[in-house]
Amino acid sequence: MNEWISAARDAALAAKNYTSAVRAAVRDDVGTDPAAITREQHKVHGFAWIASSAAALEALSDWAARAEENGAYGEAEELTLRIGFGEYCAQLIHGVPMSASEVVRPAALGAQAAAEDLAANAAVCRFIDEGSTPATRARFAELLSEGIRPDERLGDDTLDMIREQFRSFTADRITPHAHEWHLADDLIPDSVIAEMAQLGVFGVCIAESHGGLGLGKLAMSVVSEELSRGWICAGSLGTRSEIAGELIGENGTEAQKAKFLPGIADGSILPTAVFTEPDTGSDLASVRTRGRAAGDDNWQIDGAKTWITHAARADLMTLLVRTNPDEPGYRGLSMFLAEKTRGCDANPFPDEGIDGSEIEVLGYRGMKEYALGFDGFAVRGDALLGGAEGQGFKQLMRTFEGARIQTAARAIGVAWNAFDLALDYALGRKQFGAPLTQFPRVSDKLALMAVEIVMSRELTYFAARQKDRGNRCDIEAGMAKLLGARTAWSAADNAVQIHGGNGYALEYPISRVLCDARILNIFEGAAEIQAQVIGRGLLADQR
(Lines give C-alpha, C1' and ligand atoms only; values in the text may rest on other atoms or scores of the structure.)
Protein backbone atom coordinates (compact mmCIF):
# COMPACT_ATOMS: atom_id res chain seq x y z
CA MET A 1 0.00 0.00 0.00
CA ASN A 2 1.20 3.51 -0.83
CA GLU A 3 2.65 5.27 2.23
CA TRP A 4 0.30 8.24 1.93
CA ILE A 5 -2.75 6.00 1.61
CA SER A 6 -1.61 4.12 4.72
CA ALA A 7 -1.11 7.41 6.55
CA ALA A 8 -4.56 8.56 5.43
CA ARG A 9 -6.17 5.47 6.95
CA ASP A 10 -4.41 6.13 10.25
CA ALA A 11 -5.32 9.82 10.21
CA ALA A 12 -8.94 9.10 9.29
CA LEU A 13 -9.18 6.69 12.23
CA ALA A 14 -7.68 9.31 14.52
CA ALA A 15 -10.23 11.86 13.25
CA LYS A 16 -13.02 9.35 13.89
CA ASN A 17 -11.78 8.78 17.44
CA TYR A 18 -11.60 12.54 17.94
CA THR A 19 -15.22 12.82 16.77
CA SER A 20 -16.22 10.20 19.36
CA ALA A 21 -14.46 12.21 22.07
CA VAL A 22 -16.27 15.39 20.98
CA ARG A 23 -19.56 13.50 21.00
CA ALA A 24 -18.95 12.32 24.55
CA ALA A 25 -18.07 15.83 25.70
CA VAL A 26 -21.12 17.41 24.05
CA ARG A 27 -23.42 14.64 25.23
CA ASP A 28 -22.21 15.01 28.82
CA ASP A 29 -22.78 18.74 28.63
CA VAL A 30 -25.97 18.96 26.59
CA GLY A 31 -27.57 15.52 26.82
CA THR A 32 -30.31 14.46 24.42
CA ASP A 33 -33.17 16.65 25.61
CA PRO A 34 -34.63 18.46 22.56
CA ALA A 35 -34.88 21.79 24.38
CA ALA A 36 -31.24 21.59 25.49
CA ILE A 37 -30.12 20.63 21.99
CA THR A 38 -31.89 23.68 20.59
CA ARG A 39 -30.53 25.94 23.30
CA GLU A 40 -26.95 24.74 22.74
CA GLN A 41 -26.97 24.93 18.96
CA HIS A 42 -23.39 26.18 18.69
CA LYS A 43 -22.10 23.05 20.42
CA VAL A 44 -24.47 20.63 18.73
CA HIS A 45 -24.02 22.10 15.27
CA GLY A 46 -20.29 22.38 15.81
CA PHE A 47 -20.17 18.70 16.64
CA ALA A 48 -22.15 18.00 13.45
CA TRP A 49 -19.62 19.92 11.37
CA ILE A 50 -16.73 18.10 13.03
CA ALA A 51 -18.39 14.73 12.39
CA SER A 52 -19.06 15.68 8.76
CA SER A 53 -15.44 16.76 8.26
CA ALA A 54 -14.18 13.49 9.71
CA ALA A 55 -16.58 11.55 7.49
CA ALA A 56 -15.22 13.42 4.46
CA LEU A 57 -11.69 12.37 5.42
CA GLU A 58 -12.78 8.76 5.66
CA ALA A 59 -14.49 9.00 2.26
CA LEU A 60 -11.36 10.55 0.73
CA SER A 61 -9.19 7.80 2.21
CA ASP A 62 -11.46 5.11 0.77
CA TRP A 63 -11.41 6.84 -2.63
CA ALA A 64 -7.62 6.87 -2.73
CA ALA A 65 -7.46 3.20 -1.74
CA ARG A 66 -9.91 2.26 -4.52
CA ALA A 67 -7.92 4.31 -7.03
CA GLU A 68 -4.77 2.42 -6.07
CA GLU A 69 -6.53 -0.94 -6.38
CA ASN A 70 -7.76 0.04 -9.85
CA GLY A 71 -4.38 1.26 -11.03
CA ALA A 72 -5.60 4.87 -11.15
CA TYR A 73 -3.58 6.31 -8.28
CA GLY A 74 -1.14 8.84 -9.65
CA GLU A 75 0.34 12.19 -8.77
CA ALA A 76 -2.98 14.07 -8.95
CA GLU A 77 -4.64 11.57 -6.64
CA GLU A 78 -1.77 11.71 -4.14
CA LEU A 79 -1.80 15.49 -4.06
CA THR A 80 -5.58 15.51 -3.59
CA LEU A 81 -5.17 13.14 -0.66
CA ARG A 82 -2.31 15.07 0.95
CA ILE A 83 -3.86 18.50 0.58
CA GLY A 84 -7.31 17.34 1.70
CA PHE A 85 -6.01 15.66 4.83
CA GLY A 86 -3.66 18.52 5.59
CA GLU A 87 -6.45 21.08 5.41
CA TYR A 88 -9.17 19.17 7.23
CA CYS A 89 -6.92 17.82 9.99
CA ALA A 90 -5.78 21.38 10.69
CA GLN A 91 -9.39 22.50 10.87
CA LEU A 92 -10.34 19.72 13.27
CA ILE A 93 -7.49 20.67 15.56
CA HIS A 94 -7.87 24.45 15.45
CA GLY A 95 -11.41 25.25 14.29
CA VAL A 96 -14.00 24.10 11.73
CA PRO A 97 -15.90 26.82 9.82
CA MET A 98 -19.69 26.49 10.04
CA SER A 99 -20.14 29.65 7.98
CA ALA A 100 -18.03 32.59 6.89
CA SER A 101 -18.17 34.06 10.40
CA GLU A 102 -18.84 31.08 12.68
CA VAL A 103 -15.96 28.80 13.65
CA VAL A 104 -16.33 25.96 16.14
CA ARG A 105 -13.18 25.41 18.21
CA PRO A 106 -12.37 22.39 20.39
CA ALA A 107 -12.24 24.41 23.62
CA ALA A 108 -15.83 25.58 23.11
CA LEU A 109 -16.93 21.94 23.10
CA GLY A 110 -14.84 20.84 26.04
CA ALA A 111 -12.63 18.87 23.67
CA GLN A 112 -9.29 20.69 23.86
CA ALA A 113 -7.48 17.66 25.28
CA ALA A 114 -8.91 15.43 22.55
CA ALA A 115 -7.76 17.93 19.92
CA GLU A 116 -4.27 17.86 21.37
CA ASP A 117 -4.29 14.07 21.17
CA LEU A 118 -5.35 14.31 17.53
CA ALA A 119 -2.54 16.78 16.83
CA ALA A 120 -0.05 14.37 18.39
CA ASN A 121 -1.02 11.47 16.12
CA ALA A 122 1.95 10.62 13.87
CA ALA A 123 -0.08 10.39 10.65
CA VAL A 124 -1.93 13.60 11.40
CA CYS A 125 1.37 15.36 12.15
CA ARG A 126 2.73 14.26 8.82
CA PHE A 127 -0.27 15.60 6.93
CA ILE A 128 -0.13 18.89 8.84
CA ASP A 129 3.57 19.27 8.02
CA GLU A 130 3.71 17.83 4.49
CA GLY A 131 0.15 17.67 3.20
CA SER A 132 -1.14 21.09 2.25
CA THR A 133 1.96 23.14 1.56
CA PRO A 134 2.70 25.89 -0.94
CA ALA A 135 4.64 23.36 -3.02
CA THR A 136 1.91 20.68 -3.10
CA ARG A 137 -0.79 23.20 -3.91
CA ALA A 138 1.30 24.79 -6.66
CA ARG A 139 2.08 21.42 -8.23
CA PHE A 140 -1.56 20.32 -8.07
CA ALA A 141 -2.69 23.58 -9.68
CA GLU A 142 -0.12 22.99 -12.41
CA LEU A 143 -1.57 19.54 -13.12
CA LEU A 144 -5.09 20.97 -13.15
CA SER A 145 -3.96 23.62 -15.63
CA GLU A 146 -2.70 20.82 -17.89
CA GLY A 147 -6.17 19.22 -17.92
CA ILE A 148 -5.42 16.46 -15.42
CA ARG A 149 -8.21 15.68 -12.96
CA PRO A 150 -8.37 13.40 -9.91
CA ASP A 151 -9.79 9.96 -10.64
CA GLU A 152 -13.57 9.92 -10.95
CA ARG A 153 -14.16 6.34 -12.05
CA LEU A 154 -16.72 4.45 -10.02
CA GLY A 155 -15.57 0.88 -10.60
CA ASP A 156 -18.70 0.19 -12.61
CA ASP A 157 -18.64 0.39 -16.40
CA THR A 158 -22.34 1.27 -16.58
CA LEU A 159 -21.99 4.20 -14.20
CA ASP A 160 -18.88 5.45 -15.95
CA MET A 161 -20.73 5.27 -19.27
CA ILE A 162 -23.65 7.20 -17.77
CA ARG A 163 -21.25 9.92 -16.64
CA GLU A 164 -19.74 10.26 -20.10
CA GLN A 165 -23.16 10.26 -21.75
CA PHE A 166 -24.51 13.05 -19.57
CA ARG A 167 -21.29 15.03 -19.65
CA SER A 168 -21.47 15.02 -23.43
CA PHE A 169 -25.16 15.95 -23.44
CA THR A 170 -24.57 18.79 -20.99
CA ALA A 171 -21.63 20.18 -22.96
CA ASP A 172 -23.69 20.11 -26.16
CA ARG A 173 -27.20 21.08 -25.06
CA ILE A 174 -26.97 22.86 -21.69
CA THR A 175 -23.71 24.73 -21.16
CA PRO A 176 -23.77 26.80 -24.40
CA HIS A 177 -27.26 28.14 -23.63
CA ALA A 178 -27.53 28.22 -19.83
CA HIS A 179 -26.42 31.78 -19.31
CA GLU A 180 -28.70 33.11 -22.04
CA TRP A 181 -31.66 31.30 -20.48
CA HIS A 182 -30.70 32.60 -17.05
CA LEU A 183 -30.37 36.24 -18.11
CA ALA A 184 -33.69 36.13 -19.97
CA ASP A 185 -35.31 34.32 -17.01
CA ASP A 186 -36.68 31.81 -19.51
CA LEU A 187 -38.05 28.40 -18.77
CA ILE A 188 -35.72 25.67 -19.90
CA PRO A 189 -37.07 24.76 -23.36
CA ASP A 190 -39.57 21.94 -23.77
CA SER A 191 -37.33 20.47 -26.47
CA VAL A 192 -34.48 20.10 -23.97
CA ILE A 193 -36.81 18.49 -21.44
CA ALA A 194 -37.88 16.04 -24.14
CA GLU A 195 -34.25 15.15 -24.87
CA MET A 196 -33.58 14.68 -21.17
CA ALA A 197 -36.60 12.41 -20.94
CA GLN A 198 -35.26 10.28 -23.78
CA LEU A 199 -32.03 9.89 -21.84
CA GLY A 200 -33.98 8.64 -18.84
CA VAL A 201 -33.36 11.58 -16.50
CA PHE A 202 -36.83 11.46 -14.96
CA GLY A 203 -36.93 7.73 -14.34
CA VAL A 204 -33.44 6.90 -13.10
CA CYS A 205 -34.69 5.31 -9.88
CA ILE A 206 -38.16 4.27 -11.04
CA ALA A 207 -38.52 0.50 -11.44
CA GLU A 208 -38.18 -0.93 -14.93
CA SER A 209 -41.62 -2.52 -14.49
CA HIS A 210 -43.03 1.02 -14.43
CA GLY A 211 -40.99 2.39 -17.32
CA GLY A 212 -37.93 3.63 -15.45
CA LEU A 213 -34.27 2.67 -15.61
CA GLY A 214 -34.38 0.82 -12.29
CA LEU A 215 -31.03 2.20 -11.18
CA GLY A 216 -30.02 3.45 -7.74
CA LYS A 217 -29.11 6.65 -5.97
CA LEU A 218 -25.48 6.46 -7.05
CA ALA A 219 -26.55 6.59 -10.69
CA MET A 220 -28.96 9.39 -9.85
CA SER A 221 -26.10 11.29 -8.19
CA VAL A 222 -23.90 10.99 -11.27
CA VAL A 223 -26.70 12.20 -13.55
CA SER A 224 -27.54 15.15 -11.27
CA GLU A 225 -23.88 16.11 -10.89
CA GLU A 226 -23.16 16.14 -14.60
CA LEU A 227 -26.30 18.06 -15.53
CA SER A 228 -25.68 20.61 -12.77
CA ARG A 229 -22.15 21.10 -14.05
CA GLY A 230 -23.81 22.85 -16.98
CA TRP A 231 -26.64 24.54 -15.07
CA ILE A 232 -28.26 23.79 -11.75
CA CYS A 233 -31.69 23.99 -13.40
CA ALA A 234 -30.86 21.05 -15.65
CA GLY A 235 -29.74 19.03 -12.64
CA SER A 236 -32.82 20.08 -10.70
CA LEU A 237 -35.45 19.19 -13.29
CA GLY A 238 -35.23 15.61 -12.11
CA THR A 239 -35.54 16.50 -8.42
CA ARG A 240 -39.31 16.73 -8.39
CA SER A 241 -39.57 13.55 -10.47
CA GLU A 242 -37.23 11.85 -8.02
CA ILE A 243 -39.36 12.94 -5.05
CA ALA A 244 -42.66 12.04 -6.72
CA GLY A 245 -41.29 8.74 -8.01
CA GLU A 246 -40.07 7.71 -4.57
CA LEU A 247 -43.27 8.87 -2.84
CA ILE A 248 -45.43 6.86 -5.23
CA GLY A 249 -43.09 3.91 -5.62
CA GLU A 250 -42.73 3.41 -1.87
CA ASN A 251 -46.22 4.40 -0.70
CA GLY A 252 -48.67 4.41 -3.61
CA THR A 253 -51.40 1.94 -4.37
CA GLU A 254 -50.87 -0.34 -7.34
CA ALA A 255 -53.36 1.77 -9.29
CA GLN A 256 -51.44 4.96 -8.45
CA LYS A 257 -48.14 3.39 -9.48
CA ALA A 258 -49.61 2.22 -12.78
CA LYS A 259 -51.22 5.59 -13.45
CA PHE A 260 -48.34 7.96 -12.64
CA LEU A 261 -44.95 6.25 -12.65
CA PRO A 262 -44.68 5.50 -16.40
CA GLY A 263 -45.59 9.10 -17.26
CA ILE A 264 -43.13 10.52 -14.74
CA ALA A 265 -40.41 8.25 -16.11
CA ASP A 266 -40.95 9.25 -19.75
CA GLY A 267 -41.34 12.95 -18.96
CA SER A 268 -44.95 13.26 -20.09
CA ILE A 269 -45.96 13.98 -16.49
CA LEU A 270 -43.95 16.76 -14.87
CA PRO A 271 -44.47 16.79 -11.10
CA THR A 272 -43.90 19.54 -8.56
CA ALA A 273 -43.46 19.29 -4.80
CA VAL A 274 -46.00 21.41 -2.92
CA PHE A 275 -44.98 21.30 0.73
CA THR A 276 -43.70 24.66 2.03
CA GLU A 277 -46.01 27.34 3.41
CA PRO A 278 -45.42 31.06 4.05
CA ASP A 279 -45.24 30.70 7.85
CA THR A 280 -43.77 27.22 8.22
CA GLY A 281 -40.54 27.05 6.21
CA SER A 282 -38.65 23.99 7.43
CA ASP A 283 -41.30 23.21 10.08
CA LEU A 284 -43.44 20.99 7.87
CA ALA A 285 -45.28 19.47 10.83
CA SER A 286 -47.01 22.87 11.22
CA VAL A 287 -48.60 22.84 7.75
CA ARG A 288 -52.03 24.51 7.80
CA THR A 289 -53.33 24.16 4.23
CA ARG A 290 -56.57 22.21 4.62
CA GLY A 291 -57.93 19.23 2.79
CA ARG A 292 -61.63 18.67 3.40
CA ALA A 293 -63.75 15.78 2.30
CA ALA A 294 -66.29 16.94 -0.27
CA GLY A 295 -69.13 15.20 -2.03
CA ASP A 296 -68.68 12.30 -4.46
CA ASP A 297 -65.66 11.03 -2.53
CA ASN A 298 -63.59 14.05 -3.57
CA TRP A 299 -61.45 16.48 -1.58
CA GLN A 300 -61.34 20.26 -1.49
CA ILE A 301 -58.08 22.13 -0.86
CA ASP A 302 -57.84 25.58 0.76
CA GLY A 303 -54.74 27.46 1.83
CA ALA A 304 -51.43 28.87 0.68
CA LYS A 305 -48.10 27.38 -0.38
CA THR A 306 -44.88 29.10 -1.34
CA TRP A 307 -41.53 28.46 -3.03
CA ILE A 308 -43.09 25.94 -5.37
CA THR A 309 -40.67 25.19 -8.19
CA HIS A 310 -41.91 24.58 -11.74
CA ALA A 311 -45.48 24.94 -10.54
CA ALA A 312 -47.07 26.38 -13.70
CA ARG A 313 -45.65 23.82 -16.14
CA ALA A 314 -46.26 20.86 -13.82
CA ASP A 315 -48.99 18.28 -14.44
CA LEU A 316 -48.98 16.69 -10.99
CA MET A 317 -48.61 18.11 -7.49
CA THR A 318 -47.39 16.04 -4.56
CA LEU A 319 -49.43 18.09 -2.12
CA LEU A 320 -49.04 17.99 1.66
CA VAL A 321 -52.13 19.21 3.52
CA ARG A 322 -53.82 18.89 6.87
CA THR A 323 -56.87 16.64 6.62
CA ASN A 324 -57.48 16.32 10.37
CA PRO A 325 -57.29 19.65 12.21
CA ASP A 326 -57.95 17.89 15.52
CA GLU A 327 -54.64 16.04 15.28
CA PRO A 328 -51.76 18.40 16.09
CA GLY A 329 -48.38 18.23 14.41
CA TYR A 330 -47.56 15.68 11.77
CA ARG A 331 -50.34 13.20 12.64
CA GLY A 332 -53.04 15.20 10.87
CA LEU A 333 -51.15 15.53 7.58
CA SER A 334 -51.91 13.67 4.36
CA MET A 335 -50.26 13.54 0.96
CA PHE A 336 -52.24 13.93 -2.25
CA LEU A 337 -51.33 13.22 -5.85
CA ALA A 338 -53.22 16.23 -7.17
CA GLU A 339 -53.48 16.51 -10.94
CA LYS A 340 -53.58 19.90 -12.60
CA THR A 341 -53.62 21.34 -16.08
CA ARG A 342 -50.23 22.38 -17.45
CA GLY A 343 -50.14 26.15 -17.71
CA CYS A 344 -48.61 28.52 -20.25
CA ASP A 345 -47.27 32.07 -20.20
CA ALA A 346 -50.67 33.54 -20.96
CA ASN A 347 -52.50 31.41 -18.40
CA PRO A 348 -50.11 29.75 -15.95
CA PHE A 349 -52.84 28.28 -13.72
CA PRO A 350 -55.96 27.55 -15.78
CA ASP A 351 -57.74 25.28 -13.27
CA GLU A 352 -60.46 26.55 -10.95
CA GLY A 353 -59.47 26.91 -7.33
CA ILE A 354 -55.75 27.47 -7.84
CA ASP A 355 -53.83 30.61 -8.60
CA GLY A 356 -50.20 31.58 -8.41
CA SER A 357 -47.84 34.53 -8.47
CA GLU A 358 -44.24 34.27 -9.58
CA ILE A 359 -41.46 34.89 -7.06
CA GLU A 360 -38.60 36.64 -8.79
CA VAL A 361 -35.27 35.13 -7.78
CA LEU A 362 -31.54 35.86 -8.05
CA GLY A 363 -30.64 32.46 -9.45
CA TYR A 364 -31.94 28.90 -9.70
CA ARG A 365 -33.94 30.00 -12.72
CA GLY A 366 -35.27 27.98 -15.63
CA MET A 367 -38.31 26.54 -13.84
CA LYS A 368 -39.63 29.60 -11.98
CA GLU A 369 -40.78 29.82 -8.36
CA TYR A 370 -44.36 30.47 -7.31
CA ALA A 371 -46.55 31.30 -4.35
CA LEU A 372 -49.77 29.32 -4.74
CA GLY A 373 -53.24 29.96 -3.38
CA PHE A 374 -55.87 27.23 -3.14
CA ASP A 375 -59.53 28.15 -2.85
CA GLY A 376 -61.75 25.12 -3.16
CA PHE A 377 -59.35 23.32 -5.48
CA ALA A 378 -60.87 19.93 -6.29
CA VAL A 379 -58.85 16.73 -5.88
CA ARG A 380 -60.09 13.25 -6.77
CA GLY A 381 -60.87 10.87 -3.95
CA ASP A 382 -58.42 8.29 -5.21
CA ALA A 383 -55.58 10.85 -5.11
CA LEU A 384 -54.81 10.22 -1.43
CA LEU A 385 -51.34 8.67 -1.52
CA GLY A 386 -51.55 5.01 -0.63
CA GLY A 387 -55.23 5.52 0.15
CA ALA A 388 -54.13 6.33 3.71
CA GLU A 389 -55.09 9.49 5.56
CA GLY A 390 -52.76 10.92 8.20
CA GLN A 391 -49.60 9.36 6.76
CA GLY A 392 -48.36 12.29 4.67
CA PHE A 393 -45.54 13.45 6.91
CA LYS A 394 -44.15 9.96 7.41
CA GLN A 395 -44.37 9.30 3.67
CA LEU A 396 -42.49 12.50 2.94
CA MET A 397 -39.81 11.83 5.56
CA ARG A 398 -38.88 8.62 3.77
CA THR A 399 -37.85 10.66 0.73
CA PHE A 400 -35.50 12.99 2.60
CA GLU A 401 -32.47 10.72 2.34
CA GLY A 402 -32.70 10.50 -1.44
CA ALA A 403 -33.56 14.18 -1.86
CA ARG A 404 -30.58 15.31 0.19
CA ILE A 405 -28.22 12.98 -1.65
CA GLN A 406 -29.50 14.38 -4.93
CA THR A 407 -29.07 17.94 -3.68
CA ALA A 408 -25.52 17.17 -2.59
CA ALA A 409 -24.84 15.84 -6.09
CA ARG A 410 -26.24 19.04 -7.59
CA ALA A 411 -23.90 21.00 -5.33
CA ILE A 412 -20.93 19.02 -6.62
CA GLY A 413 -21.94 19.84 -10.19
CA VAL A 414 -22.29 23.54 -9.39
CA ALA A 415 -18.89 23.51 -7.68
CA TRP A 416 -17.26 21.90 -10.74
CA ASN A 417 -18.96 24.51 -12.92
CA ALA A 418 -17.40 27.26 -10.81
CA PHE A 419 -14.02 25.55 -10.94
CA ASP A 420 -14.18 25.10 -14.72
CA LEU A 421 -14.99 28.78 -15.25
CA ALA A 422 -12.32 29.94 -12.79
CA LEU A 423 -9.58 27.81 -14.32
CA ASP A 424 -10.48 28.80 -17.87
CA TYR A 425 -10.43 32.48 -16.92
CA ALA A 426 -7.20 32.21 -14.95
CA LEU A 427 -5.45 30.49 -17.85
CA GLY A 428 -6.54 33.13 -20.35
CA ARG A 429 -6.18 36.25 -18.23
CA LYS A 430 -2.74 37.86 -17.92
CA GLN A 431 -1.62 40.37 -15.33
CA PHE A 432 1.88 41.80 -15.00
CA GLY A 433 2.92 39.71 -17.99
CA ALA A 434 1.88 36.31 -16.60
CA PRO A 435 -1.30 34.16 -16.54
CA LEU A 436 -3.26 34.37 -13.30
CA THR A 437 -2.47 30.71 -12.66
CA GLN A 438 1.14 31.72 -11.98
CA PHE A 439 0.17 33.71 -8.89
CA PRO A 440 0.10 31.60 -5.69
CA ARG A 441 -3.08 33.10 -4.25
CA VAL A 442 -4.90 32.16 -7.46
CA SER A 443 -3.34 28.71 -7.87
CA ASP A 444 -4.04 27.97 -4.19
CA LYS A 445 -7.71 28.76 -4.70
CA LEU A 446 -7.91 26.45 -7.71
CA ALA A 447 -6.12 23.61 -5.94
CA LEU A 448 -8.22 23.86 -2.80
CA MET A 449 -11.43 24.09 -4.84
CA ALA A 450 -10.67 20.84 -6.64
CA VAL A 451 -9.63 19.03 -3.47
CA GLU A 452 -12.75 19.96 -1.54
CA ILE A 453 -14.98 19.11 -4.49
CA VAL A 454 -13.50 15.59 -4.57
CA MET A 455 -13.99 15.23 -0.83
CA SER A 456 -17.61 16.35 -0.99
CA ARG A 457 -18.23 14.17 -4.04
CA GLU A 458 -16.90 11.07 -2.35
CA LEU A 459 -18.95 11.73 0.78
CA THR A 460 -22.03 12.07 -1.45
CA TYR A 461 -21.22 8.84 -3.25
CA PHE A 462 -20.76 7.09 0.10
CA ALA A 463 -24.26 8.16 1.20
CA ALA A 464 -25.68 7.04 -2.14
CA ARG A 465 -24.05 3.62 -1.85
CA GLN A 466 -25.48 3.24 1.65
CA LYS A 467 -28.95 4.07 0.34
CA ASP A 468 -28.56 1.62 -2.53
CA ARG A 469 -27.63 -1.12 -0.05
CA GLY A 470 -30.86 -0.50 1.81
CA ASN A 471 -29.11 0.97 4.84
CA ARG A 472 -30.46 3.89 6.81
CA CYS A 473 -28.41 6.93 5.79
CA ASP A 474 -30.21 10.02 7.05
CA ILE A 475 -27.10 11.18 8.90
CA GLU A 476 -24.78 10.46 5.96
CA ALA A 477 -27.15 12.14 3.48
CA GLY A 478 -27.34 15.18 5.73
CA MET A 479 -23.56 15.35 5.99
CA ALA A 480 -23.19 15.13 2.22
CA LYS A 481 -25.69 17.93 1.69
CA LEU A 482 -24.18 20.08 4.44
CA LEU A 483 -20.63 19.83 3.16
CA GLY A 484 -21.55 19.85 -0.53
CA ALA A 485 -23.49 23.10 -0.20
CA ARG A 486 -20.59 24.81 1.55
CA THR A 487 -18.19 23.51 -1.08
CA ALA A 488 -20.32 24.88 -3.91
CA TRP A 489 -20.62 28.31 -2.32
CA SER A 490 -16.91 28.48 -1.52
CA ALA A 491 -16.00 27.45 -5.07
CA ALA A 492 -18.36 30.01 -6.62
CA ASP A 493 -17.18 32.78 -4.31
CA ASN A 494 -13.51 32.05 -5.04
CA ALA A 495 -14.22 31.78 -8.75
CA VAL A 496 -15.74 35.27 -8.73
CA GLN A 497 -12.65 36.52 -6.89
CA ILE A 498 -10.42 35.00 -9.57
CA HIS A 499 -12.49 36.80 -12.22
CA GLY A 500 -11.98 40.10 -10.38
CA GLY A 501 -14.29 42.87 -11.53
CA ASN A 502 -15.46 40.78 -14.48
CA GLY A 503 -16.93 38.29 -12.04
CA TYR A 504 -19.36 40.98 -10.98
CA ALA A 505 -20.54 41.57 -14.54
CA LEU A 506 -23.75 39.86 -15.61
CA GLU A 507 -22.27 38.93 -18.98
CA TYR A 508 -19.88 36.47 -17.33
CA PRO A 509 -21.42 33.07 -16.48
CA ILE A 510 -19.74 32.97 -13.07
CA SER A 511 -22.20 35.65 -11.93
CA ARG A 512 -24.97 33.12 -12.55
CA VAL A 513 -23.12 30.31 -10.81
CA LEU A 514 -22.64 32.48 -7.71
CA CYS A 515 -26.40 33.06 -7.50
CA ASP A 516 -27.15 29.41 -8.14
CA ALA A 517 -24.67 28.22 -5.51
CA ARG A 518 -26.24 30.35 -2.79
CA ILE A 519 -29.53 28.44 -2.79
CA LEU A 520 -27.84 25.15 -1.96
CA ASN A 521 -27.33 26.16 1.68
CA ILE A 522 -31.03 26.97 1.98
CA PHE A 523 -33.32 24.53 0.19
CA GLU A 524 -33.82 20.82 0.93
CA GLY A 525 -33.00 21.68 4.54
CA ALA A 526 -31.05 24.82 5.41
CA ALA A 527 -27.50 24.35 6.71
CA GLU A 528 -28.69 25.01 10.25
CA ILE A 529 -31.43 22.39 9.90
CA GLN A 530 -28.96 19.87 8.49
CA ALA A 531 -26.55 20.46 11.37
CA GLN A 532 -29.39 20.12 13.86
CA VAL A 533 -30.52 16.82 12.35
CA ILE A 534 -26.97 15.45 12.21
CA GLY A 535 -26.01 16.56 15.70
CA ARG A 536 -29.25 15.41 17.31
CA GLY A 537 -29.10 12.07 15.51
CA LEU A 538 -25.49 11.35 16.44
CA LEU A 539 -26.01 12.34 20.07
CA ALA A 540 -28.97 9.98 20.34
CA ASP A 541 -27.35 7.15 18.36
CA GLN A 542 -26.86 4.09 20.56
CA ARG A 543 -25.02 2.04 17.93
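Modeller: Buried means under 20% relative accessible area, exposed over 50%, and partly exposed in between (1.4 Å probe, protein chains only). This is a predicted model: local features need pLDDT of at least 70, side-chain atom pairs count only at pLDDT 80 or more, and totals for chains, interfaces and linings use all residues. Residues are numbered from 1 along each chain as its sequence is written, and side-chain values use heavy atoms, with hydrogens and water left out.

Colleague: Is Arg-342 buried, partly exposed or exposed?

Modeller: Start with its partner. Arg-342 and Asp-315 join their side chains in a salt bridge, 2.6 Å from N to O (a side-chain nitrogen of Lys or Arg within 4 Å of a carboxyl oxygen of Asp or Glu). Asp-315 is buried at 14%. Arg-342 has 34% relative accessibility, so it counts as partly exposed.

Colleague: How many residues apart are Arg-342 and Asp-315?

Modeller: Their salt bridge spans 2.6 Å, N to O. It links distant parts of the chain: Arg-342 is in the loop between strands S7 (333–339) and S8, and Asp-315 is in the loop between strands S5 (299–309) and S6 (316–322). Helices (H or I, at least four residues) and strands (E, at least two) are DSSP runs, numbered from the N terminus. The separation of Arg-342 and Asp-315 is 27 residues.

Colleague: Which helix holds Glu-226, the partner of Arg-163?

Modeller: The side chains of Arg-163 and Glu-226 form a salt bridge at 2.9 Å, N to O. The pair ties together parts 63 residues apart, since Arg-163 belongs to helix H8 (residues 157–184) and Glu-226 to helix H10.

Colleague: What is the relative accessible area of Arg-163?

Modeller: Take both ends of the bridge. Glu-226 counts as buried, at 1% relative accessibility. Arg-163 is buried too, and its relative accessible area is 2%.

Colleague: Which residues share one network of salt bridges?

Modeller: The whole structure has 31 salt bridges. One of them joins the side chains of Glu-458 and Arg-457 at 2.9 Å, N to O. Glu-458 is buried at 4%, and Arg-457 is buried at 1%. Elsewhere, salt bridges with shared partners make one network of Glu-152, Arg-163, Arg-167, Glu-225 and Glu-226.

Colleague: What is the angle between the ring planes of Tyr-364 and Phe-523?

Modeller: The structure has 10 aromatic pairs (Phe, Tyr or six-membered Trp rings with centres within 6.5 Å; planes under 30 degrees apart are stacked, over 60 edge-to-face, the rest tilted). Tyr-364 and Phe-523 pair edge-to-face, with 5.1 Å between centres and a plane angle of 85°.

Colleague: What is phi of Glu-524?

Modeller: Most residues other than glycine have a negative phi. Glu-524 lies in the loop between helices H17 (509–518) and H18 (527–540), and is partly exposed at 25%. Its phi is positive, near 55°.

Colleague: Is Phe-432 buried or exposed?

Modeller: Phe-432 is not a glycine, yet has a positive phi of about 55°. Its place is the loop between strands S10 (430–431) and S11 (434–435). At a relative accessible area of 81%, Phe-432 is exposed.
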